[in-house]
Amino acid sequence: MIFQEKVNFPNSRLTRTYSTVGYGFFEAVDIQPACLGLYCGKTLLFKNGSTEIYGECGVCPRGQRTNAQKYCQPCTESPELYDWLYLGFMAMLPLVLHWFFIEWYSGKKSSSALFQHITALFECTVAALVTLLVSEPVGVLHIRSCRVLMLSDWYTMLYNPSPDYVTTVHCTHEAVYPLYTIVFIYYAFCLVLMMLLRPLLVKKIACGLGKSDRFKSIYAALYFFPILTVLQAVGGGLLYYAFPYIILVLSLVTLAVYMSASEIENCYDLLVRKKRLIVLFSHWLLHAYGIISISRVDKLEQDLPLLALVPTPALFYLFTAKFTEPSRILSEGANGH
């Protein structure tokens, strides 16, 4: 009788397979290196029918990640809804910042603000479409991805094993392909399109502004794009899990600040200007985006009623504004009291 058994040597990368012939006689058959580390895997070198030959344990190529058996497998799945919502959040960040600085530097009487807002939206939209087209598979508005399993998938560089505590086996790769690098590609296209389109537009239509103020919104983008890049590089994994709550908190805070700064204390103050309604509806969209991201719409019949909570913060503010009197607080702050 012949029996086979695999024996793993402690503190070793080798696995020896023994064959038992008869009773008490052992024969070594082969020695295979065992894959250490959380993200090290063996790459497929040759496949012929049912025969597969894998290489040594190491880093997986781009577009692949290790499975439970420590083999590198291609990323062939479609992104989940939550993944698309995360990418949408990262795509919205530069657009919202563009709009904020355009409004900040254009002035209340500047007619160029609207055109700059539209141009910023056009730049980010085209950048998003081009980013999807150049990603795998190339030429279609669809991407293939690997599923995010845990937070460490975003930081594979922290999990390179050291078998002998001296030599490090480098297995750093994009386990969340392409959710990590596609954001950098999108930011690069946004920056290029901005530098190609915005200066010409501002020079033509921003005649009401001084020469030093015309390009301040563009200068601001040259600052916040590197900041967003570093934020994605360092905190991409944290943002992936926290962005729904970030959206909700920031949208609530900014809505309250805007309504108090605009001295909105009743529904009439809200309806008297179209701009205020646009700001209100924009915040409602952000509220809904955050709620959908948190619930992930796993159970449609249970999660959709949560969208009825979207107008609640604005209604709560209007009902309680008479008790806080934001106009009095602003006037006292302006007078230094």
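Predicted model: local features only at pLDDT ≥ 70, side-chain atom pairs only at ≥ 80, totals over all residues.
Student: Over residues 114-134, what percentage of the chain is helix, and how far apart are the end C-alpha atoms?
Tutor: Residues 114-134 form one of the stretches that the unreviewed UniProt entry lists as "transmembrane region". Strand content there is 0%. The chain over this stretch is 100% helix, and its end C-alpha atoms are 30 Å apart.

Student: How many helices and strands does the protein chain have?
Tutor: The chain runs to 337 residues, and 36% of them count as buried. Among contacts with a separation of 6 or more, 59% join residues 24 or more positions apart. The count of elements is 10 helices and seven strands.

Student: Are α1 and α2 roughly parallel or antiparallel?
Tutor: Helix α1 covers residues 81-106 and helix α2 covers residues 112-134. Their axes come within 10 Å and cross at roughly 155°. Angles over 145 degrees count as roughly antiparallel. Therefore α1 and α2 are roughly antiparallel.

Student: Which residues of α1 and α2 make the contact, and how do they divide by class?
Tutor: The crossing of these two helices is right-handed. From α1 come Trp-84, Leu-95, His-98, Trp-99, Ile-102, Glu-103 and Ser-106. From α2 come Ser-112, Ala-113, Gln-116, His-117, Ala-120, Leu-121, Glu-123, Cys-124 and Leu-132. By class, the contact of α1 with α2 has nine nonpolar, five polar and two charged residues.

Student: Is the crossing of α1 and α5 left-handed or right-handed?
Tutor: Helix α5 spans residues 216-261, and its axis comes within 10 Å of that of α1. The angle is roughly 150°, which means α1 is roughly antiparallel to α5. The crossing of α1 and α5 is right-handed.

Student: How many nonpolar residues does the contact of α1 with α5 have?
Tutor: The contact of α1 with α5 includes four polar residues. Two charged residues also take part. The nonpolar residues number 23.

Student: Is Thr-131 buried or exposed, and which residues is it in contact with?
Tutor: Thr-131 lies in helix α2. Its relative accessibility is 4%, so Thr-131 counts as buried. Leaving aside neighbours within four places in sequence, Thr-131 is in contact with Ile-182, Ile-185, Tyr-186 and Phe-189.

Student: How far apart are the C-alpha atoms of Cys-75 and Cys-146?
Tutor: Cys-75 sits in the loop between β7 and α1. At 1% relative accessibility, Cys-75 counts as buried. Along the chain, Cys-75 and Cys-146 are 71 residues apart. Their C-alpha atoms are separated by 4.7 Å.

Student: Which residues does Cys-75 touch?
Tutor: Residues up to four places away in sequence are not counted here. Cys-146 is one of the residues touched.

Student: Which residues is Arg-147 in contact with?
Tutor: Arg-147 lies in the loop between α2 and α3. Its relative accessibility is 40%, so Arg-147 counts as partly exposed. Pro-79 is 68 residues away in sequence, yet 7.3 Å away C-alpha to C-alpha. Beyond neighbours within four places, Arg-147 is in contact with Arg-65, Glu-77, Glu-80 and Asp-153.

Student: Where does Pro-137 lie, and what is the omega of the peptide bond from Glu-136?
Tutor: Most peptide bonds are trans. The bond from Glu-136 to Pro-137 is cis. Pro-137 lies in the loop between α2 and α3, and the omega is near -5°.

Student: Is the peptide bond from Tyr-177 to Pro-178 cis or trans?
Tutor: Pro-178 lies in the loop between α2 and α3. The omega of the bond from Tyr-177 to Pro-178 is near -5°. That bond is cis.

Student: What is the phi of Lys-70?
Tutor: Most residues other than glycine have a negative phi. Lys-70 is found in the loop between β6 and β7 and is partly exposed, with a relative accessible area of 21%. Lys-70 is not a glycine, although its phi is positive, at about 70°.

Note on methods:
Residues numbered from 1 in each chain as written. Heavy atoms only, no water. UniProt positions renumbered as here; feature names shortened; annotations may be inferred. Helix = DSSP H or I, 4+ residues; strand = E, 2+ residues; numbered from the N terminus. Axes fitted to C-alpha atoms, helices over the stretch in contact; angles between N-to-C directions. Parallel < 35°, antiparallel > 145°, perpendicular 65-115°, else oblique. Left-handed = near helix turned anticlockwise from the far one by under 90°. Contact = heavy atoms within 4.5 Å. Nonpolar A, V, L, I, M, F, W, Y, C, P; charged D, E, K, R; others polar. Buried < 20%, exposed > 50% of the residue type's maximum accessible area, 1.4 Å probe, protein only.
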